[in-house]
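Me: I'm new to this one. Can you walk me through it?

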Amino acid sequence: TVSLQHGAHRSGNRTDADMERWRSHRLGQFIHWGLYAIPGGEWNGKVYNGAAEWIRSWKEMPHEAYDNLYKQFNPAGYNPQQWARQAKDMGARYMIITTKHHDGFCLWPSKYSKYTVASTPWKKDIIGPMVEAYNKEGIDVVLYFSIIDWNHPDWRTSLKTKEDTVAYGRFKVFVKNQLKELLTKYPTVKGFWFDGTWDESWKTDGAFSDELEQYLQSLHPGLIIGSRLRADEKGARHFDSNGRLMGDYEQGWERKLPEKIEDVHHNDWEGVMTIPENQWGYHARWTGHIKTANELIEMLARSASLGGNFVINFGPKADGTYRAEEQQLAAQIGQWMKTNGAAIYGGGYAGLEKQDWGYYIRKGNTDTVYMVVCNIPVSGYLRVKIPPQQSLQSATGLESGQPIPTTQTGRNEYLLQLENKKYDAPVVIQLEVKKGKERGEFEKART
Ligand SMILES: C[C@@H]1N[C@@H](c2nc3ccccc3[nH]2)[C@H](O)[C@@H]1O
């Protein structure tokens with residue numbers, strides 16, 4: 001190992017109450033909302049093929065045109081209580097909101113910038129009412145904050161000259177001031193979700209990102225900050241130069257998910273997912289594959305089965321309303337969560353051998369293990385293998401409440417028989433798996 005001043009300061013998962021609460025959420029909602037929703041991926045009759053929130057970087061969008069969009073920001077349909085209700089109905093336990101994306105536009109009236117909602121026809125704070133409405137629904141709020149800030153004159157992607165270094169020094173003070181301001185104005189928030197930390201300018205100052213994280217924790221003990229904030233003094237990100245995770249959870253799973261527990265090394269982690277292939281902010285024309293509720297539910301089950309949280313992204317329109325596809329998906333997912341949420345909330349890695357039919361999720365440290373069956377077998381039989389020294393005590397349909405016909409086919413192997421019917425969503429079975437050798441009801445009496 002190399003000796004590091006600004007690498008990971010802790011190994012192993014946090015076990016404090018704030019982290020336990022975050023870990024038990026399992027399902028979150030991401031909201032990308034800002035000036036980019038005004039063009040919505042189009043400009044001058046042309047369609048931008050990139051991610052809508054990056055339209056300022058498109059050669060067909062003059063910077064001056066983008067930077068004046070704030071004069072049109074006036075979301076008459078913005079109703080944070082409605083947004084929070086919809087998130088509640090979806091079953092989201094926390095929400096991540098873009099306070100400032102790469103364009104530098106602040107959805108709160110920051111006193112450190114002119115480029116905020118205060119300068120728009122809307123004038124009012126967007127973030128405060130949103131935090132209040134979500135908290136009122138019992139949903140925790142995490143603030144997304146981009147370090148990249150295309151609007152700030154002192155931001156640099158790399159430091160080539162002395163002037164760059166002096167300017168970027170001012171920029172880091174600005175960043176620290178804005179983050180303190182956010183914690184002061186919105187003290188109920190549970191964490192920061194940092195983004196835009198891949199530039200040389202940031203990567204080469206591991207000391208600052210380390211001190212910043214410690215500063216924020218001192219202001220707001222228990223704050224949850226993922227691995228995307230920091231770099232160590234050698235420029236390593238997420239994992240320091242000794243391969244140890246920096247931050248409270250692995251925050252690299254963006255539009256992709258781990259396959260097996262080795263991919264996440266039993267760390268806490270979070271996957272963030274777009275509904276279309278790659279649109280975070282509102283884009284008027286979604287192209288490519290739009291994920292269905294069942295696909296998103298399967299991703300959620302996979303995430304919980306590997307001990308991670310799954311966050312589904314929504315991109316509200318410039319007027320503050322949601323597009324129909326997003327409203328429908330939120331309702332469909334919520335429908336499933338109403339019946340099956342017990343298998344997801346507070347769930348984690350079960351330690352059973354993965355089978356083709358889907359995912360095992362263990363409820364905390366109990367004997368209860370849920371099966372989320374996403375691939376219904378033509379045979380109707382679900383194979384379950386229990387670790388040695390453990391035994392299957394019962395198998396019950398979560399929605400039906402009925403026992404699942406089960407036969408033992410080997411020392412620690414069972415076949416569960418699914419009812420022969422059409423399933424139009426993943427089906428959940430609740431297992432009670434006992435440690436120790438007492439015979440389960442399925443153990444055939446050994447002669
Ligand atoms: C959570 C997501 N992170 C931002 C982002 N920008 C990227 C540039 C290059 C590669 C990946 C990126 N993700 C996206 O704009 C969105 O906010």
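**Helices and ligand**

Reply: Helix 8 passes helix 9 in a right-handed crossing, meaning the near helix is turned clockwise from the far one by less than a right angle. Helices here are DSSP runs of H or I, at least four residues, numbered from the N terminus. The model is predicted: local features need pLDDT of at least 70, side-chain atom pairs 80 or more, while totals for chains, interfaces and linings use all residues. Residues are numbered from 1 along each chain as its sequence is written, and side-chain values use heavy atoms, without hydrogens and water.

Me: At what angle do the axes of helix 8 and helix 9 cross?

Reply: Roughly 50°, and the axes come within 9 Å.

Me: New topic. Which residues are around the ligand?

Reply: Among them are His-32, His-101, Asp-195 and Glu-254, each with a heavy atom within 4 Å of the ligand. By class, the shell has five nonpolar, three polar and three charged residues.

Me: How far is the Glu-53 side chain from a ligand oxygen?

Reply: An N or O atom of that side chain is 2.7 Å from a ligand oxygen atom. For Trp-54, a polar side-chain atom lies 3.2 Å from a ligand oxygen.

Me: How much of the ligand does the protein bury?

Reply: The protein buries 74% of the 390 Å² that the ligand exposes alone (Shrake-Rupley areas, 1.4 Å probe).

Technical notes:
Polar contact = N/O pair within 3.5 Å; in protein donor to acceptor, adjacent residues only side chain to side chain. Nonpolar A, V, L, I, M, F, W, Y, C, P; charged D, E, K, R; others polar. Axes fitted to C-alpha atoms, helices over the stretch in contact; angles between N-to-C directions. Helix = DSSP H or I, 4+ residues; strand = E, 2+ residues; numbered from the N terminus.
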